[in-house]
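Visitor: I am new to this structure. Could you walk me through it, one question at a time?

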Amino acid sequence: MNRNKEYYELLLQRWQTRTCSPQEAIELMDYLRREEANRLLLHEMQHAFGQVKPDHRSHAGEPGDRVRKELLKHIQGAPVIPLTAPRKKPGSFRLAAAAAILVGLSLPAAYFFLHQSKTPAPVAAVIAPAADIAPGQHKAVLTLANGEKIILDSAGMQQLAQQGNSTVLHQGGQLVYVASKDAGTTPIYNTLTTAAGETYPLVMADGSRIWLNAASSIRFPATFAGNERKVELSGEAYFEIAADAHRPFRVQVKQMTVEVLGTHFNINSYTDEATINTTLLEGAVKINSDQHSIQLAPGEQSQLSANGQIKKVTGVNTSEIVAWKDGYFQFESADLTTVLRQFAHWYDVEIIYEGPVKPRKFFGMISRRSTLMNVLKMLNANDVHYRLEGKKLIVEGDQQ
């Protein structure tokens with residue numbers, strides 16, 4: 001059966017959104033192998049499927065898992081495609097431009113980064129590396145109860161302090177609190193703070209684990225006392241809470257409280273976001289505001305607006321929400337402002353728009369270890385014009 005280019009564009013789109021069947025994925029790979037202009041993209045896809053591990057939360061037999069297994073079997077025996085520049089040929093469609101995007105980002109920085117469009121995207125321009133900005137660091141500042149500040153990084157293993165009945169350790173690149181059997185009655189509060197471009201993990205005295213994202217802070221007791229466990233969050237953090245049926249865990253975020261017994265969830269309360277978003281991965285949480293209260297099931301998200309209204313969203317892609325914890329940016333149909341807000345937090349840059357930009361949707365996964373200029377190459381490839389002036393990323397408006 002003869003297929004036109006629109007058909008293969010549809011297959012590529014289905015591959016991007018992980019909705020294609022194994023047969024469709026193989027058909028797409030075979031087409032790319034035939035078309036010389038698209039062989040760079042094929043090479044990157046082959047390498048990506050060999051390097052990227054499947055999501056540990058996925059279950060065998062799911063569509064994405066079946067596609068990956070079938071495609072791996074198919075491409076492992078495929079000939080290696082040499083990395084030569086594709087010749088321009090009439091009628092070749094956006095797959096060739098997509099190959100340039102992939103080469104610009106380089107694996108393992110990204111295994112794909114494409115956007116939905118009905119017009120071909122221009123090849124990425126060459127950007128001088130002089131103004132490049134390094135990625136964020138594994139770093140934070142711990143403020144003890146007496147106001148003493150300790151700078152944390154990934155180096156070394158040592159005892160940092162004694163806070164009440166808890167010993168504060170720096171162990172394995174994380175901050176660890178070890179409580180004695182006698183928890184005491186008077187809580188002593190510490191604060192862990194990250195600047196823009198920093199992130200750090202914390203193991204609390206009850207065994208709960210917290211990953212603090214960039215430009216965030218969490219205030220917590222060195223040892224939990226009484227009949228509750230309570231912390232205060234600003235910014236974004238991912239929580240894996242140790243179960244304790246007798247002492248619920250509460251996270252205070254502005255006018256909202258998240259209550260749990262034992263569960264995995266993410267809270268994003270950055271001030272540049274329109275809502276405070278709580279996303280549940282495992283267990284159950286209850287969201288309380290001044291006006292409303294709702295309960296979440298896994299895969300659901302609450303969105304609390306500034307006026308106190310709560311909206312529940314179901315079927316959330318949780319892997320996209322918590323990708324930052326595992327060292328990635330992940331976007332599934334994200335708009336440009338959403339993408340750039342995440343870049344701003346991690347690379348400590350200010351985003352300035354010089355005019356309106358047309359709607360675009362981005363799909364992809366990029367390592368947070370990439371430099372800013374490597375990450376920004378995909379903007380050029382998607383016809384987004386910008387310039388970097390020191391710590392200001394200026395996005396030029398689209399010509400009308």
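Visitor: Which element has the highest mean pLDDT?
Guide: This is a predicted model, with local features needing pLDDT of at least 70, side-chain atom pairs counting only at pLDDT 80 or more, and totals for chains, interfaces and linings using all residues. Residues are numbered from 1 along each chain as its sequence is written, and side-chain values use heavy atoms, with hydrogens and water left out. The pLDDT is the predictor's confidence in each residue, from 0 to 100. Helix α5 (residues 95–105) has the lowest mean among the elements, 31, while the highest, 98, belongs to strand β8 (residues 189–194).

Visitor: What is the mean pLDDT of the protein?
Guide: Residues 50–64 stay under 50. Across the protein, 66% of residues reach 70 or more. The mean is 77.

Visitor: How many helices and strands does the protein have?
Guide: Both are DSSP runs, numbered from the N terminus: helices are H or I with at least four residues, strands are E with at least two. The count is eight helices and 26 strands.

Visitor: What share of the residues is buried?
Guide: Buried means under 20% relative accessible area, exposed over 50%, and partly exposed in between (1.4 Å probe, protein chains only). The protein has 400 residues. The buried share is 47%.

Visitor: How far does helix α7 reach from its first C-alpha to its last?
Guide: Helix α7 covers residues 336–347, 12 residues in total. The expected span is 1.5 Å times one less than the number of residues, which comes to 16 Å here. The reach in the model is close to that, at 16 Å.

Visitor: Which residue follows α7?
Guide: Within α7, the buried residues include Leu336, Val339, Leu340 and Phe343. The residue after the helix has a positive phi, near 55 degrees. That residue is aspartate 348.

Visitor: Is α7 roughly parallel or antiparallel to α8?
Guide: Two packed helices are described by the angle between their axes and the distance between the axes. Axes are lines fitted to C-alpha atoms, for helices over the stretch in contact, and angles run from 0 to 180 degrees between N-to-C directions. Here the axes come within 12 Å and cross at roughly 175 degrees. Angles under 35 degrees count as roughly parallel, over 145 as roughly antiparallel, 65 to 115 as roughly perpendicular and the rest as oblique, so α7 is roughly antiparallel to α8.

Visitor: Which residues of α8 make the contact with α7?
Guide: From α7 come Leu336, Val339, Leu340, Phe343 and Tyr347. Facing them from α8 are Leu372, Val375, Leu376, Met378 and Leu379.

Visitor: How many salt bridges are there?
Guide: A salt bridge is a side-chain nitrogen of Lys or Arg within 4 Å of a carboxyl oxygen of Asp or Glu. Glu354, Arg387, Glu389 and Glu396 are linked in a network of them. The count for the protein is 12.

Visitor: How far apart in sequence are the parts tied together by arginine 250 and glutamate 228?
Guide: Their side chains meet in a salt bridge, 2.6 Å from N to O. Arginine 250 lies in strand β14 (residues 249–253). Glutamate 228 is in the loop between β11 (216–221) and β12 (229–234), so the parts joined are 22 residues apart.

Visitor: Which other residue forms a salt bridge with arginine 250?
Guide: Arginine 250 is partly exposed, at 22% relative accessible area. The closest N and O atoms are 3.6 Å apart, and the partner is glutamate 259.

Visitor: Is serine 289 buried or exposed?
Guide: Serine 289 lies in the loop between β18 (285–288) and β19 (293–296). Beyond its neighbours within four places in sequence, serine 289 contacts Gln255, Leu304, Gly308 and Ile310. With a relative accessible area of 13%, serine 289 is buried.

How values were computed
Contact = heavy atoms within 4.5 Å.
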